[in-house]
Structure formats: structure tokens, C-alpha cells
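Subject: Handing over a structure

Hi there,

I am passing this structure on to you, and below it you will find my notes on what turned up. Please have a look at the model first and then read on.

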Amino acid sequence: MYLEHFGLQRQPFKITPDTSLFYKGNKRGAALEALKYAILSGEGIIKVVGEVGSGKTMLCRMLELQLPEYVEIVYIANPSLSPENILHVIAFELHLDINNESSRLEVMQKLQKYLLERHAQNKQVVVFVEEAQSMPVETLEEIRLLSNLETDEHKLLQMVLFGQPELDEKLRTPAIRQLKERITHSFYLDPFPSSDIYEYLNFRMRAVGYRGPDIFSAKIANNIEKKSSGLTRRINILADKALLAVYSEGGHKIDNKHIDIAARDSDFIASVNWKPASLAVGIIAIIGLSFWLGTQQAGIKQGNVETVAAVAEPTLKKEQTPVVAEIPEQIQTQNLSVMDVIDDGDLLQQRINQTERWLEQADDAAFTIQLVLMDVWARDKVNEFLADVASSADIESIYIYQAKIQGKAMYSVLYSDYASRDRAVEGLKSLPEKLRSHGAYLRTIKGIRADIRKSQQ
């Protein structure tokens with residue numbers, strides 16, 4: 001919306017991590033270098049702690065880019081995994097020859113063999129765990145046991161835990177005190193002071209093409225620091241909405257009134273423990289952009305107003321309503337219920353047929369989310385499960401294929417497809433709880449095709 005007005009090539013303050021806009025100030029650059037050193041040293045478990053929106057995910061993405069090619073990264077975005085599941089997920093991510101029915105001992109043996117082979121090739125495997133504060137204590141203990149995989153001189157598996165301050169509280173639990181002792185490097189992401197906010201804001205503006213005098217002054221940065229508590233995600237939201245407010249007035253100078261408007265719209269003023277707003281549409285009314293609703297509605301939908309809502313905090317509180325997918329057009333236009341559509345035929349067979357067509361054109365490098373495995377013989381129960389899923393998600397995004405797990409015929413139920421791992425991670429985080437409750441995790445299309453080929457042999 002405001003890009004051309006300020007001479008920008010792209011948005012400077014998206015709240016999704018953009019590694020090309022990584023700011024090295026406020027010790028972030030030093031933290032990145034120290035993390036790289038700690039990982040490559042291969043000793044112990046590493047911990048990175050910061051408040052919500054402090055930049056942990058950005059550091060994670062920068063590590064993926066800057067670690068040497070001989071470092072293989074396993075990324076775990078679903079912290080609610082059980083102790084049994086986390087071992088399988090790591091093995092699946094490493095493309096080991098195991099399945100959901102493989103015993104823990106079998107998976108551990110194959111994992112250790114693989115890690116020894118990588119070590120013999122002077123290669124390294126590191127596991128990144130995001131939102132580690134939400135991981136069950138039992139699963140954290142399983143991580144400690146995995147850290148025992150080693151040679152006489154080197155650890156075979158490196159672990160990096162990214163979490164909020166609650167992670168430190170959990171690590172003080174007596175049941176996992178041994179894990180705390182294994183943490184050899186701890187990093188804390190401090191909030192930005194106003195001086196760094198000033199540098200950060202103008203650095204990002206110039207990085208995306210702005211060539212004029214500084215739009216954000218030290219005085220403005222001081223106000224943003226008070227409203228944002230120095231958290232980069234909040235800083236980005238305030239800066240983006242302030243630019244939008246100035247643009248709506250036809251000006252180029254940001255005043256404190258624009259920051260105050262942005263803070264009120266984002267509900268930052270009264271909040272102490274910040275959680276991102278689930279919707280950010282009030283800014284349109286507050287800054288006098290109501291005239292856009294008619295003539296430029298499409299432009300608004302492409303801007304940051306909708307983006308903020310799309311990437312808001314995925315964790316659902318008890319009092320919140322889960323995000324429900326759009327009702328299929330067939331139901332909307334004919335005033336039918338979900339069950340009316342399902343009863344029109346065998347939903348399971350419909351999804352199997354659609355999956356075959358999908359896999360014919362899907363990219364090997366794309367990702368999907370595996371929701372659950374179900375016995376082939378329990379066809380009625382699979383249909384019941386699909387009918388239940390249809391009440392909270394778009395049934396057209398459900399895919400099913402048949403595979404053999406240790407000789408046993410199973411249906412693998414998948415959800416949606418994503419062009420990149422980052423998009424798949426966002427999709428996993430935003431799934432309704434009922435779809436994540438069976439230990440949902442990421443799969444590649446390449447891996448699914450391999451499952452099908454193996455089943456056909």
C-alpha cells in the first residue's frame with residue numbers, strides 16, 4: 001500500500017522472519033556467531049531464551065543459512081510431541097528406514113548407526129527445537145538421553161532448544177535436573193533499547209530501498225520502545241502501522257501521534273504480557289482509511305492488515321475459538337450441511353482418488369502434514385474421522401494414501417501441501433487442536449512417494 005509512496009521495493013516490517021533484513025545490533029550478530037561456534041564445537045545442549053517476539057525464529061533461520069553444508073539440520077516445530085514420537089520424528093526427518101510401528105529400540109539403533117556414519121564422513125547432525133518451553137517434561141528427558149549418543153571424543157547429535165522464559169522454569173524441575181546440567185551454552189535475547197530501535201528501524205527502511213532522510217527519529221524510537229517493550233515483533237507491527245497512517249495522510253513524517261494510534265490499534269498500551277493481536281483490522285477505521293473499503297478493498301487484502309492476522313500467535317487459549325477453515329462452496333451455495341455432502345458418497349474413497357491426482361503433479365520438495373495413521377480394515381472409523389475433520393477444516397485439503405507398516409496395511413491421513421518448510425511449520429502451528437492431538441508432524445512429498453513404492457513391492 002505505502003511502498004511506492006516511500007520508494008520501497010518491498011515491505012520493511014513484516015513480522016515473519018526475513019533473513020535478508022537481519023539486524024546485527026543489540027548483540028544479535030554476536031549471538032549468531034556464538035551460536036554457530038557452539039554448534040560446530042559439538043559439545044552439550046544449547047539453549048536460546050527470549051520473550052515472545054524477541055527474534056528467536058530469525059536466529060534459527062539465520063543458522064540454517066550460515067551453518068556449513070556438512071551440518072545436517074532437523075527442525076522440530078511441534079513441541080507437544082510425546083517421548084515416543086520425538087524419536088520417530090527425528091528419524092523420519094533424517095529419512096531413515098523406519099515407520100510408525102518401529103519400536104523405540106529399533107529406531108534408536110538405526111539412528112545411532114546413521115549418526116556414526118555421518119561422523120565418519122566428518123559431518124554433523126543438529127536438532128532445532130522451537131517453542132521448547134511447551135515440550136512435556138518426559139520429552140525433554142528423552143532429549144537428554146539422545147544427547148548420550150557419542151563416540152569417545154564427540155557427541156553424535158547436537159541439540160538447540162529455542163524457548164520462552166518459561167523454559168528456564170521448566171528446567172528447574174527436579175525431574176529433569178540432569179538435562180539442565182547438560183546445557184553448556186545459554187543465550188538470552190534481551191529487548192531492544194531505544195537507541196537500537198532507532199538504528200534498527202532506519203536500517204530496515206534503507207535495506208528495502210528508502211533513500212531519504214531518516215523517517216524514524218530518536219524521539220519516535222523512544223516512544224516505540226515504551227509501547228513495544230523492546231520486542232522486535234511488536235516494533236515491526238508499530239512501525240508498519242505508523243507508515244500506513246502517515247501514507248493515509250499523504251505525508252512523509254512520522255510523529256508520536258502515529259505511534260500512539262498504532263499502539264492503541266494493536267492493544268499494546270494496556271497489555272503487560274504481550275500476545276500478538278489475533279486480528280488487526282481496526283487500524284483502517286482509526287487512521288481514516290474507510291474510503292478504501294470500496295474502491296481499494298483488494299489492495300487492503302494484500303497489505304499488512306491481513307498479514308498480521310495470518311501470522312498471529314498460533315497457540316489457542318481455552319477461551320478462544322479455534323480457527324475454522326472456509327466452508328466449501330458446495331455447502332455455501334446449496335445451504336447444505338457438511339454431513340449432507342459426506343453422505344453423497346464414500347468420503348474416504350473420494351479423498352483417496354483426489355490424493356492420487358494430487359500426487360501426480362505435486363513437487364517432490366513440497367511438504368505436507370501427517371495427521372494420523374489408521375487401520376485399513378476400519379474403513380467406517382476412517383470415514384467417521386474424516387467427517388469429524390470436515391467440521392473444523394477444509395475437507396478438500398485432506399489427502400489419504402495406503403501404506404504398509406511392518407506388513408500391516410494402514411491409511412495415512414495428510415493435511416494440505418506447502419511449497420516450503422517454513423510455510424508447513426506455520427500450517428502445523430495453526431492447526432486446530434483436534435488435528436494436532438495425534439502427534440501431527442511434517443512429511444515431504446518425496447517421502448510419501450517412497451512409502452507408496454515400498455508398499456507396492
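**Salt bridges**

Lys 47 and Asp 168 are both buried (buried means under 20% relative accessible area, exposed over 50%, and partly exposed in between, with a 1.4 Å probe and protein chains only). Before I go on, please keep in mind that this is a predicted model, in which local features need pLDDT of at least 70 and side-chain atom pairs count only at pLDDT 80 or more, while totals for chains, interfaces and linings use all residues. Residues are numbered from 1 along each chain as its sequence is written, and side-chain values use heavy atoms, with hydrogens and water left out.

Back to that pair: the side chains of Lys 47 and Asp 168 form a salt bridge, with 2.9 Å from N to O (a side-chain nitrogen of Lys or Arg within 4 Å of a carboxyl oxygen of Asp or Glu). This bridge connects distant parts of the chain, since Lys 47 sits in strand 1 (residues 45–50) and Asp 168 in helix 7 (residues 166–171), 121 residues apart. Helices (H or I, at least four residues) and strands (E, at least two) are DSSP runs, numbered from the N terminus.

Another salt bridge joins Glu 93 to Arg 421, and their closest N and O atoms are 3.0 Å apart. Here too distant parts of the chain are linked: Glu 93 belongs to helix 4 (residues 83–93) and Arg 421 to helix 21 (residues 421–429), 328 residues apart. Glu 93 has a relative accessible area of 15%, so it is buried.

In the salt bridge between Glu 396 and Arg 351, the closest N and O atoms are 3.5 Å apart. Glu 396 is in the loop between helix 20 (379–390) and strand 7 (398–405), and Arg 351 is in helix 19 (residues 347–361), 45 residues away. Which of the classes, buried or exposed or partly exposed, does Glu 396 fall into? Glu 396 counts as partly exposed because its relative accessibility is 44%, whereas Arg 351, at 3%, counts as buried. Over the whole structure, the search finds 17 salt bridges.

The axes of helix 10 (residues 218–228) and helix 11 (residues 232–249) come within 9 Å and cross at roughly 125°, which makes helix 10 oblique to helix 11. Axes are lines fitted to C-alpha atoms, for helices over the stretch in contact, and angles run from 0 to 180 degrees between N-to-C directions. Angles under 35 degrees count as roughly parallel, over 145 as roughly antiparallel, 65 to 115 as roughly perpendicular and the rest as oblique. Ile 224, Lys 227 and Ser 228 of helix 10 meet Arg 234, Ile 235 and Leu 238 of helix 11 (contact means heavy atoms within 4.5 Å).

Helix 2 (residues 28–41) and helix 3 (residues 56–66) have axes that come within 10 Å and cross at roughly 55°, so helix 2 and helix 3 are oblique to each other.

**One histidine**

His 88 lies in helix 4 and is buried, with a relative accessible area of 11%. Leaving aside neighbours within four places in sequence, His 88 is in contact with Ile 98, Asn 99, Asn 100, Ser 102 and Val 107.

Best wishes
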